[in-house]
Amino acid sequence: MLIQQIINGLTLGSIYALFALGYTMVYGILLMINFAHSEIFMVGAYCGFWFLSMLPFLSAFPGLLIPAMFLAAIIFSGVLAVLMERVAYRPLRRAPRLAPLISAIGVSIFLQNLMMLAVSAQSQPYPESFNITRFQFYGATVNSLQIFIFLLSIVLMVLLEIFIHKTKVGQAIRAVSQNHVVAQLMGIDVNKIIAMVFFIGGGLGGVAGVLNGMYYGSIKYNMGFLPGIKAFTAAVVGGIGNIRGAIAGGFILGLLEAFSAGYISSENKNIIAFAVLILVLMVRPGGLFGEEVTEKI
Amino acid sequence: MKSAGRYILPAIILLLIVFPLVFLHSNPYAIQVAGLIGIYLILCLGLNITIGYTGLLDLGFMAFYAIGAYIAAILSINNVSFWIILPVCMLAGGVVRWLLGLPLLKLRGDYLAIVTLAFGEIVRIAANNAVSITNGPKGLPRVGERFSSINFFSIKFTENIHFYYLILFFVFIAIVASRRLENSRLGRALVAIREDEVAAELTGINVAAVKSVAFVLSGIFGALSGAIYAHWIGFISPEMFTFWESVFLVAMIVIGGMGNISGVILGVFLLVGVPEILRDTLGTRFVDYRMLIFGAVMVAVIIFRPQGILPSKRRALELEAHV
Amino acid sequence: MSEKILEIKNVSKNFSGLEALSGISFEVGKNEILGLIGPNGAGKSTLFNIITGVYPPSRGSVVYKGRDITGIPGHQAVRAGIARTFQNIRLFSNMSVLENVMVGRHCRTKSELFEAFFRTRGFRKEEDEIKSSACRILQDTGLLKYGNELAKNLAYGSQRRLEIARALAAEPGLLLLDEPTAGMNPRESAELMEMIREVRSKNIAIIIIEHQMDVVMNVSDRIIVLDYGKMISTGTPLEVQKDPAVIEAYLGTE
């Protein structure tokens with residue numbers, strides 16, 4: 001039982017971690033909560049769904065189909081995120097603190113309803129994209145989908161780590177996260193970097209959406225809402241703005257949810273997640289890995 | 001010019017009192033909409049104390065609306081008089097808010113936002129799951145039960161128009177309370193905290209205590225409106241207290257003009273009144289597109305007026321020169 | 001001989017291993033203007049923060065008017081009688097000039113929620129007093145004509161004055177000024193120094209952090225020099241100027 005919960009938790013955690021990265025990266029660079037990120041997640045899922053249903057001839061080549069589907073989702077979600085930033089957030093860079101938040105909420109409402117009207121208010125089943133084989137592992141059942149989700153997430157996270165810490169663009173991103181003005185003086189095109197961050201965060205969110213769709217077998221126009229709050233919770237618990245924190249937070253949340261569902265009750269698993277959030281923040285206001293930004297007085 | 005301005009306020013009050021009597025027979029739906037606007041006004045004026053004056057972002061305010069509504073519902077089913085339920089709900093709202101504030105108000109702005117959001121969800125989910133107390137998703141009252149009606153001297157509150165006046169009364173109180181708070185030592189302390197918390201503390205304001213007062217006060221407003229709403233509509237269920245409702249409240253305040261009573265009123269009219277009016281006039285086809293347009297408009301408005309349509313303006317005071 | 005209003009006893013402050021202040025001890029007399037100088041990063045603002053209750057010292061104590069106030073929260077320090085200004089101006093930008101000073105009166109007044117709601121007589125009297133005394137302070141500092149302007153719209157020099165005016169509204173016995181003439185031209189600095197002398201004449205002791213040497217040497221009765229968190233010299237401006245330790249600390253910093 002324990003092993004089963006751990007497996008479930010890691011799978012769930014992988015999705016949350018990828019999802020949380022979008023929140024944390026945007027916060028890190030703009031100090032803003034991108035409420036509409038949950039809709040990027042949703043759009044990514046639908047993108048994958050369309051890809052699968054509209055290109056049935058590709059199902060003959062599963063080896064090509066899956067990567068193509070993810071690529072499509074990444075690009076679509078990433079571009080949408082960049083568009084979102086350009087239209088709804090950039091004009092508000094110097095506005096009072098709450099204004100971008102309201103804008104994000106408006107975007108979120110718009111996208112949700114757009115999808116609801118354009119597609120359907122009902123949930124769509126997500127087509128099976130590959131054959132799931134089940135394994136037994138110390139008394140628990142793992143299936144290949146879970147393994148796939150976990151591995152794909154790890155690969156993406158490692159790529160992200162490398163990108164952020166070992167490339168020049170990654171360095172630029174870190175510079176802008178520290179200080180926009182100084183970064184600009186060093187010759188960095190801040191707007192381009194911000195767009196890049198939205199693209200990456202959005203792309204990862206889109207992947208998370210596809211994985212979510214694959215895992216639960218269905219998608220719906222409002223599928224982003226609750227996972228979005230939870231993923232954001234995970235990002236905050238890990239220390240908002242901190243990439244490794246978001247990953248850690250995502251896995252912690254996934255495991256927490258799996259254990260709550262398994263050992264306590266499925267209905268109350270969300271209360272537990274939120275209660276844990278509140279407790280963590282009371283003890284470590286900066287999140288687990290967050291830096292205590294001490295103000296110079 | 002100034003003497004004409006003195007008549008605006010009594011004129012508005014008169015208009016508000018007379019308004020439902022005019023529409024009573026021609027368009028009773030208008031009274032219902034007005035009542036709904038009034039409920040949201042009380043809610044938003046309460047939330048404005050936290051967000052607008054003190055600058056604390058609260059994304060789970062509906063939790064207190066829910067607390068007020070559920071306590072009122074449970075007591076009402078047990079035949080407790082509305083006039084006792086009211087202060088009990090207000091007290092409950094205040095106490096819970098106070099307890100919540102003790103650990104939470106120390107958090108940095110964005111974190112406070114998430115934690116209040118989490119609390120809002122916790123309350124909603126708890127209401128959904130604690131079936132024995134709240135009847136879960138089926139809501140209150142249960143089959144075979146009813147809320148007891150409000151009695152005011154010999155008048156029994158059964159019609160929308162009764163509730164309209166009840167709500168109007170409390171809206172009036174809420175507005176007066178907000179204005180008096182605004183122009184007081186405490187009100188200035190709140191705004192100082194919003195502007196610069198550190199400077200406020202080092203200017204002699206006990207920031208933690210003052211934040212708590214603002215927080216508790218808003219909770220009282222929230223619970224009050226929940227109690228009234230429960231009695232009016234006669235039915236409550238957990239889906240009425242979702243996160244999106246909390247978000248709408250924030251949107252009303254920010255779009256209308258944070259920290260400005262007139263702005264809050266405008267915000268409520270725009271975001272509650274206009275969709276209701278449009279729903280009535282444009283019919284069902286519009287309903288589908290309603291939210292889509294709403295989202296787009298929200299983005300548009302905030303981009304063009306980030307400080308809100310009626311930004312907060314501190315009243316000019318008379319300067320005294322000393323000899 | 002004026003009695004001492006402030007005693008700093010062996011104060012040290014450690015920030016995760018970095019010793020920002022060590023073994024600082026000095027006294028301030030009731031009517032004194034004490035200059036606090038030292039190269040950047042010497043710990044001057046840290047010392048101010050400890051005195052005003054932003055954070056407690058790691059070791060040592062702060063005694064104000066004979067009462068140990070080490071580690072009390074910021075607002076209580078103000079209530080006790082210690083007010084301050086900040087290195088980077090911290091005004092309430094979207095409040096008017098008058099309101100900024102009225103907020104300064106907060107700790108000397110007591111109307112709470114009840115009084116505000118019911119507009120009691122005590123409340124109204126207090127509000128009048130707050131406005132009246134705020135106006136008087138603005139008049140004394142030459143800012144009354146800007147009374148209804150938003151603080152953020154004021155000229156830089158006036159903003160610094162406003163910060164001092166707000167601090168004075170709390171009726172402090174000790175006023176801490178953190179680089180009040182930063183960014184000012186010589187004429188503005190001289191005017192500000194006049195204002196400071198006037199404040200002292202009202203029986204308020206002053207500690208002033210300054211980088212402009214001519215200003216601080218001119219206005220201070222005594223000087224304390226910090227370097228790397230330690231006190232390296234103390235005495236009259238003349239004595240300190242001649243102290244070789246001080247000269248060495250500043251060598252190359254200019």
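Biologist: What makes up the open sheet of six strands in chain C?

Modeller: The strand order is β6-β7-β8-β3-β9-β10 of chain C, and the pairing is mixed. Strands are DSSP runs of E with at least two residues; helices are runs of H or I with at least four, and both are numbered from the N terminus. The model is predicted: local features need pLDDT of at least 70, side-chain atom pairs count only at pLDDT 80 or more, and totals for chains, interfaces and linings use all residues. Residues are numbered from 1 along each chain as its sequence is written, chains are lettered from A, and ligands are numbered from 1 in the order written.

Biologist: Why do β6 and β10 of chain C stand at the edges?

Modeller: β6 (82–84) and β10 (230–235) of chain C each have a single partner strand, so one side of each lacks a neighbour in the sheet.

Biologist: How do you know that β6(C) is joined to β7 of chain C?

Modeller: Pairing requires at least two DSSP bridges between two strands. Three bridges join β6(C) to β7 (174–178) of chain C, and the two run parallel. A83(C) stands opposite L175(C) in β7(C).

Biologist: What makes β2 and β5 of chain C edge strands?

Modeller: β2 (18–29) and β5 (67–68) of chain C each pair on one side only. Their sheet is open and antiparallel, in the order β2-β1-β4-β5 of chain C. V63(C) faces D68(C) in β5(C).

Biologist: Which strands does helix α1 of chain C touch as it packs on the sheet?

Modeller: Helix α1 (44–51) of chain C touches β1 (4–15), β2 and β4 of chain C, at about 65 degrees to β2(C). Angles run from 0 to 180 degrees between N-to-C directions, with axes fitted to C-alpha atoms, for helices over the stretch in contact.

Biologist: How many residues of chain B are in contact with chain C?

Modeller: 29 residues of chain B contact 37 of chain C. Contact means C-beta atoms, placed from the backbone, within 7 Å. α9(B) gives the largest share of that side of chain B, seven residues.

Biologist: Which residues touch the most other members of the largest nonpolar core?

Modeller: C44(B), A66(B), A251(B) and I206(C), in a core of 282 residues. Such a core is a set of buried Ala, Val, Leu, Ile, Met, Phe, Trp, Tyr and Cys residues joined through C-beta atoms within 7 Å. Buried means 20 or more other C-beta atoms within 10 Å of the residue's own; 12 or fewer is exposed, and between is partly exposed. A251(B) touches I102(A), I105(A), L271(B) and M298(B), not counting residues up to four places away in sequence.

Notes
Contact = placed C-beta atoms within 7 Å.
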